[in-house]
Amino acid sequence: MKISQLAHLTDASACPRLVVKVGSALLVGKDGAPRREWLSALVAEIAAARAAGQEVIVVSSGAIALGARRLGLAKGGRGSLSDAQAAASVGQIALAGLWAELLAAHGLAAAQILLTLEDLEDRRRYLNVTATLGTLLAAGAVPVINENDSVATQEIRFGDNDRLAARVGQAAGASGVLLLSDIDGLYDRDPRQPGAVRIPVVKGVTPEIHAMATGGSSSGLGSGGMTSKLQAAEIAELAGMALAIIDGQPVSPIHAALSADRGTLFLPRGRKQARKAWLGGRMRMRGSVHVDAGAAAALARGSSLLAAGILQVEGDFQRGDAIAVIAPDGQTLARGLSEYDAAECLRLKGHHSREHEQILGYAPRSALIHRDQMVLL
């Protein structure tokens with residue numbers, strides 16, 4: 001059974017494993033205190049899903065907001081990176097304790113996992129996360145995941161839990177991701193404008209869909225806006241997962257949104273091979289190569305990327321690093337693992353394979369990026 005409507009996200013047969021992302025503005029009030037009544041109702045929904053045979057992973061924001069209140073930091077703890085890291089260090093203890101207490105009331109064990117961007121960008125660490133999540137879910141626990149803001153720097157962080165939720169869903173082999181937000185879906189323009197229309201279903205995140213996104217979170221507590229949610233949807237669709245944005249503000253928000261069929265559902269593409277799904281979901285590229293129209297057409301037919309079609313090389317990457325393939329129109333066409341470092345690519349660009357050994361002085365590899373190590377976007 002394929003997910004084709006919002007209600008399928010709570011159907012264990014259509015969505016046996018679901019990721020639920022909770023934003024800061026929903027979990028923490030404007031006074032910095034946790035919204036216990038609201039969270040208790042959400043936990044009851046999670047417990048009911050578990051009882052119905054659906055496995056649930058929670059991606060929960062709120063540590064910085066909770067810690068800022070405890071430490072008395074201005075701007076909700078987001079005045080500087082050091083403030084955010086200090087607030088997260090204190091707030092994560094309170095956040096984990098809150099989830100553990102409320103889940104325990106339903107006989108469920110909470111498991112805390114803190115992740116950085118590097119944990120999911122590095123293939124070996126990504127597989128470790130996958131194994132841990134599988135073991136926890138098999139044991140009946142509810143993993144509660146947050147970004148490890150106490151150590152993540154500006155350069156190696158997700159910056160929002162929308163994209164983290166999509167990457168966690170990918171690592172866990174989930175069928176769906178549910179983003180609880182302060183808005184009930186994607187609108188064709190700023191929803192504050194007269195005549196704005198909510199888009200109920202999206203089949204593929206296109207440049208036109210991106211153009212509908214507005215900026216940051218309206219609450220001032222979170223870090224994700226609609227742009228980050230669309231980026232999460234792109235990661236999800238490449239991994240073969242459905243993703244939905246619903247209004248998380250009502251009590252029992254999942255039931256309220258899905259029973260009214262109110263939200264935006266991003267439909268999945270076909271599930272890719274695990275390694276290619278990981279490549280497609282990567283957020284950091286070490287460099288890029290620009291290709292001509294002939295190479296772009298060959299890639300669309302399923303070919304590997306050859307150096308003859310390379311026009312330009314950017315970045316300082318090594319063999320095995322993830323790089324982007326840029327089409328003539330400037331759009332990212334694919335991502336893949338380079339068979340050469342950047343200096344070698346510069347020497348080989350525009351040259352046919354028969355010339356490579358003479359240029360390099362050693363036997364060349366079959367392609368600059370092999371099709372088995374590449375995913376088209």
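## Buried cysteines, fold and annotated sites

Cys-345 has a relative accessibility of 0% and therefore counts as buried, where buried means under 20% relative accessible area, exposed over 50% and partly exposed in between, with a 1.4 Å probe and protein chains only. Cys-15 is likewise buried, at 0% relative accessibility. The structure holds zero disulfides, a disulfide being a pair of cysteine sulfur atoms within 2.5 Å.

The model is predicted, so local features need pLDDT of at least 70 and side-chain atom pairs count only at pLDDT 80 or more, while totals for chains, interfaces and linings use all residues. Residues are numbered from 1 along each chain as its sequence is written, and side-chain values use heavy atoms, with hydrogens and water left out.

The chain is divided into domain 1 (4-268) and domain 2 (282-374), with bounds that come from an automatic or database domain assignment; the centres of domain 1 and domain 2, taken over C-alpha atoms, are separated by 35 Å. Its secondary structure comes to 14 helices and 13 strands, counted as DSSP runs numbered from the N terminus (helices, H or I, of at least four residues; strands, E, of at least two). The radius of gyration of the chain is 22 Å, close to the 21 Å that the globule rule gives for 377 residues, so the chain is as compact as a globular protein of that length; the radius is taken over C-alpha atoms, and the rule is 2.2 Å times the number of residues to the power 0.38. Buried residues make up 52% of the 377 residues.

From an unreviewed UniProt entry come the "binding site" positions Ser-61, Asp-149 and Asn-161. Although spread over 101 residues of sequence, they cluster in space, with a largest C-alpha distance of 11.1 Å. UniProt positions are given in the numbering used here, feature names are shortened, and annotations may be inferred rather than shown by experiment. Asp-149 is found in the loop between strand E4 (142-147) and helix H7 (161-172), whereas Asn-161 is found in helix H7. Not counting residues up to four places away in sequence, Asn-161 touches Lys-21, Val-59, Ser-60, Ser-61, Asn-146 and Glu-147, contact meaning heavy atoms within 4.5 Å.

| Residue | Relative accessibility | Class |
|---|---|---|
| Asp-149 | 10% | buried |
| Asn-161 | 6% | buried |
| Met-226 | 7% | buried |
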